[in-house]
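I opened this model to look up its charged contacts, its ring pairs and its surface. My entries follow in the order in which I checked them.

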Amino acid sequence: MEKQKTNGKTKKGTGGYSNITVKKETATRFRNYSKRFNKSHSEVLDGMIQYFKENNLEPFGEGTKIILDSIKKLERQMMKKFDRLIAIIKNMEKTSIRPTYEMMLILYEAYVKDGRKPKREPVKIQEERKDFLEPRNTVPKTEHERILQEFKEYKKHCHEILNSVEKVEPMMGKPYLKINMGIGDFESIKYQLR
């Protein structure tokens with residue numbers, strides 16, 4: 001480290017110092033600006049010069065204006081793209097997300113009003129698929145109607161038999177039931193039930 005004498009005092013530094021004459025307002029602005037970086041005035045000024053060189057910027061040239069204009073143009077384009085994205089997201093929320101949410105909410109409220117709690121039942125895909133593939137036991141309509149007609153006739157015949165039953169209470173012994181039916185009718189019923 002070199003030591004430099006100024007006005008009889010010694011200061012530490014890496015190189016010699018030089019005075020630059022600037023306006024008082026400019027010096028105040030620069031001091032306030034360099035306080036933001038927590039570095040010495042020399043380091044801030046050196047960093048600014050390095051930045052201008054690396055980015056080919058001239059503080060008073062046309063290049064700076066062109067770069068600033070292109071940055072502003074890029075910013076406007078990005079803002080338009082952000083506006084489009086926001087519009088797309090809002091549209092999705094209106095058309096798909098919000099209606100689905102509201103339908104689920106309505107269904108849930110219906111469960112709560114009924115006093116039921118929603119159940120989580122396991123999905124039985126295999127059983128449903130298996131049931132779908134198996135042949136079903138179906139009866140043609142005419143066959144179904146014929147079976148219904150036979151059942152009605154059988155039911156009617158059973159009512160006739162029940163109506164012909166009478167209770168007998170003998171003087172001695174237990175009471176018993178007696179069917180008032182001819183032998184031919186009895187044989188006919190036996191034949192039908194085979």
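I looked up Arg 146 first: its relative accessibility is 39%, so Arg 146 counts as partly exposed (buried is under 20% relative accessible area, exposed over 50%, partly exposed in between, with a 1.4 Å probe and protein chains only). I note that this is a predicted model, where local features need pLDDT of at least 70, side-chain atom pairs count only at pLDDT 80 or more, and totals for chains, interfaces and linings use all residues. Residues are numbered from 1 along each chain as its sequence is written, and side-chain values use heavy atoms, with hydrogens and water left out.

Next I took the partners of Arg 146. Arg 146 makes a salt bridge with Glu 143, with 2.4 Å between the closest N and O atoms (a salt bridge is a side-chain nitrogen of Lys or Arg within 4 Å of a carboxyl oxygen of Asp or Glu). Both residues sit in helix α5 (residues 141-163), three residues apart, about one turn of the helix. Helices (H or I, at least four residues) and strands (E, at least two) are DSSP runs, numbered from the N terminus. Glu 150 also meets Arg 146 in a salt bridge, at 2.5 Å from N to O, and these two lie four residues apart in α5.

How many salt bridges does the structure hold? I count three. Glu 169 and Lys 167 form one of them, their closest N and O atoms being 3.6 Å apart. Both Glu 169 and Lys 167 are exposed.

I then checked the rings. Two aromatic pairs turn up (ring centres of Phe, Tyr and Trp, its six-membered ring, within 6.5 Å; planes under 30 degrees apart are stacked, over 60 edge-to-face, the rest tilted). Tyr 33 and Phe 37 form an edge-to-face pair, 5.2 Å centre to centre with 70 degrees between the planes. Tyr 33 is partly exposed at 32% relative accessibility, and Phe 37 is partly exposed at 37%.

Last, I looked at the whole chain. The protein chain has six helices and four strands, running β-β-α-α-α-α-α-β-β-α from the N terminus. Of its 194 residues, 5% count as buried. Asn 55 is in the loop between α2 (41-54) and α3, and its C-alpha atom is 10.0 Å from that of Ile 67, 12 residues apart along the chain.
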